[in-house]
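Please read these notes with the sequence and the model open side by side. The points are numbered so that each can be checked separately.

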Amino acid sequence: MSLIRSVVRGCGSYLPPDVLTNEDLARQVDTSDDWIVQRTGIRQRHVASAGEMTSDLALAAARAALADAGMAADEIDLIVLATSTPDNTFPASAVSVQAGLGITRGFAFDVQAVCSGFVYALAVADKFLVSGQHKKALVIGAETMSRILDWTDRTTCVLFGDGAGAVVLEAVTEADAAGRGVLTTHLRSDGRHKGKLFVDGGPSSTGTVGHLRMEGREVFRHAVGMITDVIRDAFAATGESAESIDWFVPHQANRRIIDASAQKLGIAPEKVVVTVDGHGNTSAASIPLALAAARADGRIKRGDLVLLEAMGGGFTWGSALVRW
Ligand code: UT7
């Protein structure tokens, strides 16, 4: 058993001010508010303005998380940023956040696991902290999905949004953690499914940025099974259960996937945090955005047991259990 725990000290988020409603989209492609709400639960999404980059969103969320933690930026010695929409092919957007915060020690890097990115980033940061090598980490999910959407493709452009969320983790001794912290993380991937949700461009293939392509029905078909499997792994590793968790904060892709996963696991609907209606699918940003919303309105409190899960392109999927 590890002698160190990664404890959540704060969390924060940022949404670009511009809002795109379903009605706005229905004026651009052959869709309707009714179709989008019934099939996905999405009512609106935020869209970054021209010139507003992923690292700008990430920096705003990081500052909010540091303020919530009551921590100065120069205390941070590790930044892990999950994104599939970096500012540039390189350097990592995480180093722009590092520079924006004025941090000159430790290290910063990006993690790319599409919608599972935040769970991957949390798991990676947790490993560095419990190893004893690093003390205080910013874990960020930030996306400008609007930049890789094909705005003429109604099967994908109605689904995604932009935003960022962040948490601050601190390495503390198990005695000081008093049961709090990241209790377990479980990551999975299966590259046989890589053609079901992908971007049709990139530096070494087309030399272009490309657009998001998805076989939605195929992704949907796999989602609930993969999500519930990896959550069962988290329960088996900790002895926790659908009854003992206080909050279920799933990746926000589709209301129907969220509801079906909760129902299959026996998680009560009132424990489920849902933001997909207001944010759309913000990929790696969706979980920390939902965490920040549930913290801000007083739902998630210190000591609560919070279950996170995500599934996305690759396929990648994962879960985490955190005692807040
Ligand atoms: O976050 C990463 C993981 N991503 C996901 O989890 C997404 C998973 N997939 C989904 O959420 C759903 O599959 C979608 C929301 C993408 C689609 O819902 P669906 O119930 O699977 O619809 P469908 O793809 O089976 O399409 C049903 C019909 C089709 O018409 P026909 O063939 O029945 O005539 C589509 O052409 O709906 C049509 N359609 C639309 N109609 C109006 C597809 N997109 C739209 C649209 N507006 N935007």
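1. The ligand has 24 residues around it, and those that come nearest are T31, R154, R217, N254 and N281. Keep in mind that this is a predicted model.

2. A polar backbone atom of R154 is 2.8 Å from a nitrogen atom of the ligand. With H251 the side chain is involved: one of its N or O atoms is 2.9 Å from an oxygen atom of the ligand. As for cover, the ligand taken alone exposes 960 Å², of which the protein buries 76%.

3. V249 belongs to strand β11, which runs over residues 247-250. Is V249 buried or exposed? Its relative accessible area is 0%, and buried means under 20%, so V249 is buried.

4. Leaving aside residues up to four places away in sequence, V249 touches V273, I287, A290, L291, I300, V306, L307, L308 and E309. For a distance across the model, take V249 and K127: they are 122 residues apart along the chain, and their C-alpha atoms are separated by 21 Å.

5. How many disulfides does a search of the whole structure find? The count is zero. For C11, the nearest cysteine sulfur is that of C115, 19 Å away. A disulfide needs the two sulfur atoms within 2.5 Å, so C11 is in none.

6. C11 has a relative accessible area of 7% and is buried. C115 also counts as buried, at 5% relative accessibility.

Notes: Residues numbered from 1 in each chain as written. Predicted model: local features only at pLDDT ≥ 70, side-chain atom pairs only at ≥ 80, totals over all residues. Heavy atoms only, no water. Helix = DSSP H or I, 4+ residues; strand = E, 2+ residues; numbered from the N terminus. Buried < 20%, exposed > 50% of the residue type's maximum accessible area, 1.4 Å probe, protein only. Contact = heavy atoms within 4.5 Å. Near = heavy atom within 4 Å. Polar contact = N/O pair within 3.5 Å; in protein donor to acceptor, adjacent residues only side chain to side chain. Areas by Shrake-Rupley, 256 points an atom, 1.4 Å probe, with all protein chains shown as cover.
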